[in-house]
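Morning, everyone. Please have the sequence and the 3D view open, and follow along as I go.

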Amino acid sequence: GKAQLQTQPSRYSTGVLQPSAMGELLRGPFCSNPKQSPSRSAGVQETHRLWRLIWSHCPAVGWRRLEQLEQLFGDLEQAWQASTPELEHALGGTRINIQDLERIEAYRQQVGPVPLSHPPTTQQRLQWSSRRCLLPSDTAFPRSLATAEQPPLALYWKGRGSLWAPLRQRQAVAVIGGRRPSRHGWTMAHAIGRALAEGGWPVLGGLDEGIQAAAHQGCLSAGGRPVAVLGTPLEQSSPRALAPLQQQIGSEGLLISEWRQGTKARSGHFALRKRLELGLVEAVVLVECPLQSKALKTAHLAWQQGLPIWVVPADAGRSSAAGSNRLLGQGAAPLLVPAEFLKQLGQGPLAKASHRAMTPKSADLQGREAVLLAALGQGASLEQLCRSLRQSPIGISQRLLKLELAGLVRSAPGLWWHPC
């Protein structure tokens with residue numbers, strides 16, 4: 001049967017939460033946040049990470065509830081020892097219901113009252129830690145995802161861990177599109193994936209049939225590094241027909257999932273991928289998609305976020321490209337020849353060092369324009385640069401042109417600029 005909710009007294013309250021008891025709660029475990037500590041030993045950091053992993057496996061606890069528990073109780077170990085009424089109060093702003101509380105209590109009873117000792121034992125470390133797992137508190141976790149509106153609790157990965165370096169800088173290109181493209185769409189997606197790989201760019205996308213599969217295959221054909229964001233745990237394949245491609249990407253590139261092993265796949269999980277895809281790239285290519293397409297929704301979201309978007313034109317009467325053609329008519333940049341697109345994009349982060357050697361003249365220009373390059377960061381529009389540096393568009397444009405000719409920056413649609 002269902003787990004009985006914990007109602008016995010705890011060290012924080014007396015069963016029923018009276019106003020006086022709540023005052024003690026607020027003065028007790030709710031008063032501190034470990035993330036505000038200026039310095040934490042390696043042992044404390046490890047324990048904190050293990051507690052986040054324990055709670056991240058708990059049903060009905062997502063990123064918002066996890067952050068609220070840590071903020072109000074001071075640390076997640078204190079939250080684990082809290083009674084159910086205390087948890088209900090702490091999570092009251094997250095629309096928690098009796099079913100959620102029952103699931104949390106059942107999980108706590110299954111795991112036990114003391115899942116971690118001080119310090120954690122070897123067996124506990126083996127049970128809860130995961131070498132190929134990134135948490136928002138890890139330094140290697142992409143900041144663009146940690147600060148997103150709905151950050152993932154964890155990122156599980158398989159493949160070449162070195163790819164996290166460019167992904168943390170959003171140095172990748174997403175190639176998206178429909179699942180049932182025309183022959184022209186499939187061929188273009190394959191060619192774009194291959195061109196990006198030859199230019200040193202990781203090719204990122206979901207792992208769906210059609211355009212995304214073609215782009216990953218094109219990337220692999222040139223010895224590139226594809227990155228696939230899954231809507232399932234790493235050990236599952238959906239669709240199953242792409243299991244061989246998924247295995248190859250896990251060997252030559254990188255597989256990423258926010259779903260831990262054993263999680264049951266749900267349709268909503270696939271829709272959540274788009275926030276991860278867009279949070280790891282600096283540009284998006286929409287090859288071909290119909291009007292009713294998840295790829296078109298992803299492209300609109302990228303547009304709202306200010307990401308540069310290229311679209312491959314297609315026949316006006318082709319239903320499989322009605323959505324992408326419409327976005328092209330709304331101002332997206334056309335992509336006709338992959339090689340020309342690559343020239344606009346510039347050399348990628350995986351390009352050979354010999355191809356990116358800096359001349360003394362470029363090094364001198366880089367030094368003289370250090371302030372402008374600092375304002376540019378990982379990318380900025382001409383308007384943002386003018387506002388930041390308080391200079392005219394003409395003056396900034398001339399300086400950007402010199403930097404572009406020296407191979408230090410590259411332009412993107414919408415008067416955007418990025419460092420090379």
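Let's start with two strands. S5 and S6 pair in the parallel sense, and three bridges hold that pairing. Find Ala228, and look across: it stands opposite Leu255 in S6. One thing before we go on: this is a predicted model.

Stay with S6. This strand covers residues 254-257. It also meets S2, residues 155-159. Here the two strands run antiparallel, joined by four bridges. Trp157 is the residue opposite Ile256 in S6.

Now, which way do the residues of S6 point? Leu254 and Ile256 point one way, and Leu255 and Ser257 point the other way. Are they buried or exposed? All of them are buried.

Next, follow the chain out of S5. S5 is residues 226-229, and helix H12 is residues 243-252. Pro233 sits in the loop between them. Is Pro233 buried or exposed? Its relative accessible area is 1%. The cut-off for buried is under 20%, so Pro233 is buried.

What does Pro233 touch, leaving aside residues up to four places away in sequence? The answer is Ser257, Trp259, Arg260, Gln261, Gly262 and Thr263. Pro233 and Trp157 are 76 residues apart in sequence, but their C-alpha atoms are 9.5 Å apart in space.

That loop between S5 and H12 also holds Pro239. The peptide bond joining Ser238 and Pro239 is cis, with omega about 0°. There is another cis bond to find. It joins His118 and Pro119, and its omega is about -5°. Pro119 is in the loop between helix H6, residues 98-111, and helix H7, residues 122-128.

Now some backbone angles. Ala60 is not a glycine, yet it has a positive phi of about 70°. You will find Ala60 in the loop between helix H2, residues 42-56, and helix H3, residues 63-73. Arg95 is not a glycine either, and its phi is positive too, about 60°. Its place is the loop between helix H5, residues 84-90, and H6.

Which of these two is buried, and which is exposed? Ala60 has 19% relative accessibility, so it counts as buried. Arg95 has 78%, so it counts as exposed. The cut-off for exposed is over 50%.

On to a pair of helices. H10 is residues 183-198, and H11 is residues 211-221. Their axes are 7 Å apart, and they pack at an angle of about 40°. H10 and H11 are therefore oblique to each other. The crossing of H10 past H11 is right-handed.

Which residues meet there? From H10, we have Gly185, Trp186, Ala189, His190, Gly193, Arg194 and Ala197. From H11, we have Ile211, Ala214, Ala215, Gln217, Gly218, Cys219 and Ser221. Sort that contact by class, and you get seven nonpolar, six polar and one charged residues. Keep one general point in mind as you look at the numbering. An α-helix has 3.6 residues a turn, so residues three or four places apart point the same way.

Now helix H15, residues 322-329. Its buried residues are Gly323, Ser324, Asn325 and Leu327. What covers them? The cover includes strand S7, residues 283-286, helix H14, residues 294-304, and strand S8, residues 309-311. After H15 comes Gly331, whose phi is positive, near 120°.

One more sheet. Three strands form an open sheet, in the order S10-S12-S11, and the pairing is antiparallel. S10, residues 380-381, and S11, residues 409-412, are the edge strands, so each pairs on one side only. S10 is joined to S12, residues 416-419, by two bridges. Look for Ala380: its bridge partner in S12 is Trp417.

Last, zoom out to the whole chain. How many helices and strands are there? The count is 20 helices and twelve strands. The protein has 420 residues, and 49% of them count as buried. Now take the contacts with a separation of 6 or more. Residues 24 or more positions apart account for 72% of them. Pro233 and Trp157, 76 residues apart in sequence, are a pair to look at again when you go back to the view.

Technical notes: Residues numbered from 1 in each chain as written. Predicted model: local features only at pLDDT ≥ 70, side-chain atom pairs only at ≥ 80, totals over all residues. Heavy atoms only, no water. Axes fitted to C-alpha atoms, helices over the stretch in contact; angles between N-to-C directions. Parallel < 35°, antiparallel > 145°, perpendicular 65-115°, else oblique. Left-handed = near helix turned anticlockwise from the far one by under 90°. Contact = heavy atoms within 4.5 Å. Nonpolar A, V, L, I, M, F, W, Y, C, P; charged D, E, K, R; others polar. Buried < 20%, exposed > 50% of the residue type's maximum accessible area, 1.4 Å probe, protein only.
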